[in-house]
Amino acid sequence: KQLTHNNGNNVSPCLMENGNLIFCSDFQTGSPQIYLRDAQTLTVKRLTSGTGYCASPTYHEASGLLVYTRYIKGAFQLFALNLQEANPVERQLTKSPGDKLEPTISACGKYVAFTYQTYDNKVKKRTSQIAVFNTRSNVMRVLTSSPEQKSYPAWTGRNLYC
């Protein structure tokens, strides 16, 4: 069933428990923004300001936390909205150099894992590692360090090692 009806590119859907849909589209501004489609009214509302390039939304149902990336001052940074607030306000989570891409929120809602991509001008090489951001302490930590490229982190509730 087709859920969006506009002339834009509609990608990265997040289906909410109530049937609402969070997604990324460029149909209003020509640049990707984050939208919410209400399952009851079938209306679409832009959640982000309309400026910049926003992508990769991820949603944590229990806390109402929506995290996404926005291109600002030469790098993709993490931004957040609390959809449980009456009038959610965009909040910039990270401000450091390097791209923060493809965020995903932990089951507890405290951590955001993402691909952390940096570029070394000396060797003309891009490196991707896995990092986490603590939403309570506002501290970012890079978890990996090997030269192999890493991307698309995911959380699991299972113990994958002994």
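Reader: Setting aside its neighbours within four places in sequence, which residues is alanine 113 in contact with?
Author: Beyond those neighbours, alanine 113 is in contact with Glu102, Pro103, Thr104, Ala131, Val132, Pro153 and Trp155. Please bear in mind that this is a predicted model.

Reader: Where does alanine 113 lie, and is it buried or exposed?
Author: Alanine 113 lies in strand β10, which covers residues 111–120. Its relative accessible area is 4%, so alanine 113 is buried.

Reader: How far is it from phenylalanine 133, in sequence and in space?
Author: Alanine 113 and phenylalanine 133 are separated by 20 residues in sequence, while their C-alpha atoms are 6.5 Å apart.

Reader: And what is the bridge partner of phenylalanine 133 in β12?
Author: That partner is methionine 140. Strand β11, residues 125–134, pairs with β12 over four bridges, in the antiparallel sense.

Reader: In what order do the strands of that open sheet run?
Author: The order is β9-β10-β11-β12, four strands with antiparallel pairing. At the edges are β9 (99–105) and β12 (139–142), each of which pairs on one side only. From one strand to the next, the twist averages 30 degrees.

Reader: Staying with β11, what about glutamine 129: buried or exposed?
Author: Glutamine 129, which is found in strand β11, has a relative accessibility of 8% and therefore counts as buried.

Reader: What does its side chain make polar contact with, and which backbone oxygen does it reach?
Author: The side chain of glutamine 129 makes a polar contact with the side chain of threonine 144 at 2.5 Å. The side chain of glutamine 129 also reaches the backbone oxygen of serine 146, at 2.8 Å.

Reader: Which residues is glutamine 129 in contact with, again leaving aside neighbours within four places?
Author: With those neighbours left aside, the contacts of glutamine 129 are Phe114, Thr115, Tyr116, Val142, Thr144, Ser145, Ser146, Glu148 and Lys150.

Reader: Changing topic: how many aromatic pairs does the structure hold?
Author: The structure holds five aromatic pairs. One of them joins tyrosine 53 and phenylalanine 76, whose ring centres are 5.7 Å apart.

Reader: Why is that pair edge-to-face?
Author: The planes of the two rings, tyrosine 53 and phenylalanine 76, stand at 80 degrees, and planes over 60 degrees apart count as edge-to-face.

Reader: Which strands does the pair tie together?
Author: Tyrosine 53 lies in strand β5 (residues 53–60) and phenylalanine 76 in strand β7 (residues 75–82), so the pair ties together parts 23 residues apart in sequence. As for accessibility, tyrosine 53 is partly exposed, with a relative accessible area of 39%, whereas phenylalanine 76 is buried at 17%.

Reader: What about tyrosine 68 and phenylalanine 79: stacked or edge-to-face?
Author: Tyrosine 68 and phenylalanine 79 form a stacked aromatic pair, with 6.1 Å from centre to centre and 25 degrees between the planes. Tyrosine 68 lies in strand β6 (residues 65–72) and phenylalanine 79 in strand β7, so this pair ties together parts that are 11 residues apart in sequence.

Reader: Are those two buried or exposed?
Author: Both tyrosine 68 and phenylalanine 79 are buried.

Reader: What lies over the face of phenylalanine 79?
Author: Arginine 70 lies over that face, at 5.1 Å from the ring centre of phenylalanine 79.

Reader: One last point: which residues form an aromatic cluster?
Author: One aromatic cluster is formed by Phe23, Phe27 and Tyr35.

Terms used: Residues numbered from 1 in each chain as written. Predicted model: local features only at pLDDT ≥ 70, side-chain atom pairs only at ≥ 80, totals over all residues. Heavy atoms only, no water. Pairing = 2+ DSSP bridges. Helix = DSSP H or I, 4+ residues; strand = E, 2+ residues; numbered from the N terminus. Axes fitted to C-alpha atoms, helices over the stretch in contact; angles between N-to-C directions. Phe/Tyr/Trp six-rings, centres within 6.5 Å; stacked < 30°, edge-to-face > 60°. Buried < 20%, exposed > 50% of the residue type's maximum accessible area, 1.4 Å probe, protein only. Lys NZ or Arg CZ within 6 Å of the ring centre and 35° of its normal. Polar contact = N/O pair within 3.5 Å; in protein donor to acceptor, adjacent residues only side chain to side chain. Contact = heavy atoms within 4.5 Å.
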